[in-house]
Amino acid sequence: MYARGTMRVNDRGHLEIGGCDAVELAKTYGTPLYVLDEALVRERCRAYRAGFARSYPNAEVLYAGKALLTMAICRIVEEEGLSLDVVSGGELYTARAAGFPMERVYFHGNNKSPDELRFAIEAGIHRVVVDNTYELDLLNQLAGAAGVRMGVLLRITPGIEAHTHTYIQTGQIDSKFGFGLTGGAALQAAERALAAPHLELAGFHCHIGSQIFDVS
């Protein structure tokens, strides 16, 4: 018998996930089949919250909806006290349909459409993470038309080249994402956001890539 976390290979040589025989699940529901162990998902949510709380008591932990977003996942994330990061109108629609608190939703992404930004404003989400000058100006215009001030974070490219695959590096100087620190683009974006009458600059965001193996 082999076991890891809540998964194991049982006496019949079958994979079990959360106590459910994967072979029997496949027979019942067919394949392809996605199986998640709710207890393990909740355990991971709690581990992140507890880990950050030890050093940063006021930290807010967000679940990245692009990993997997269904209404059931939204409800689990909400019940475990996490906020939610969405990257499309479809993900925002799912979160809203699940009753996820809009004041805990952040809208990410580098190619948001005008319709998606209107939807975000109308839904009353907490923050939009702005990726470029076009989006900054468009969001200010749309928020003004709606008669609201929209809270924003500016995505900053910090000029850090993480040691990971080239396709998933996002923080180097020539990254297509965000406002670069070099050359003054980030400062200009901050000044532009502060001057925008229908935006509230709440902070900054940066991301250096995925699958980082070296913390230095």
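In the predicted model, His108 is classed as buried, because its relative accessibility of 10% falls under the 20% limit for that class. This residue is located in the loop that runs between strand β7 (105–107) and helix α5 (114–123). Two polar contacts involve the side chain of His108. One, of 2.9 Å, links His108 to the side chain of Asp85; the other, of 3.3 Å, links His108 to the side chain of His205.

Lys112 is positioned over the face of Phe107, with a distance of 5.8 Å to the ring centre. Pairs of aromatic rings were also considered. Such a pair is described by the distance between the ring centres and by the angle between the planes. With centres required to lie within 6.5 Å, the count of aromatic pairs is zero.

Ser83 belongs to strand β6, which spans residues 83–86. With a relative accessible area of 3%, Ser83 is buried, because this value is under 20%. When residues within four places in sequence are left out, the contacts of Ser83 comprise Glu60, Val61, Leu62, Tyr63, Val77, Phe100, Arg104 and Tyr106.

Gly124 occupies the loop between α5 and β8 (127–130). Its relative accessibility is 41%, and Gly124 is therefore assigned to the partly exposed class, which lies between the limits of 20% and 50%. Apart from residues up to four places away in sequence, Gly124 touches Met102 and Glu103.

A feature of the backbone is found at Thr31 and Pro32, which are joined by a cis peptide bond with an omega of about 0°. Most peptide bonds, by contrast, are trans. Pro32 lies in the loop between helices α1 (22–29) and α2 (38–55).

Key:
Residues numbered from 1 in each chain as written. Predicted model: local features only at pLDDT ≥ 70, side-chain atom pairs only at ≥ 80, totals over all residues. Heavy atoms only, no water. Helix = DSSP H or I, 4+ residues; strand = E, 2+ residues; numbered from the N terminus. Buried < 20%, exposed > 50% of the residue type's maximum accessible area, 1.4 Å probe, protein only. Polar contact = N/O pair within 3.5 Å; in protein donor to acceptor, adjacent residues only side chain to side chain. Phe/Tyr/Trp six-rings, centres within 6.5 Å; stacked < 30°, edge-to-face > 60°. Lys NZ or Arg CZ within 6 Å of the ring centre and 35° of its normal. Contact = heavy atoms within 4.5 Å.
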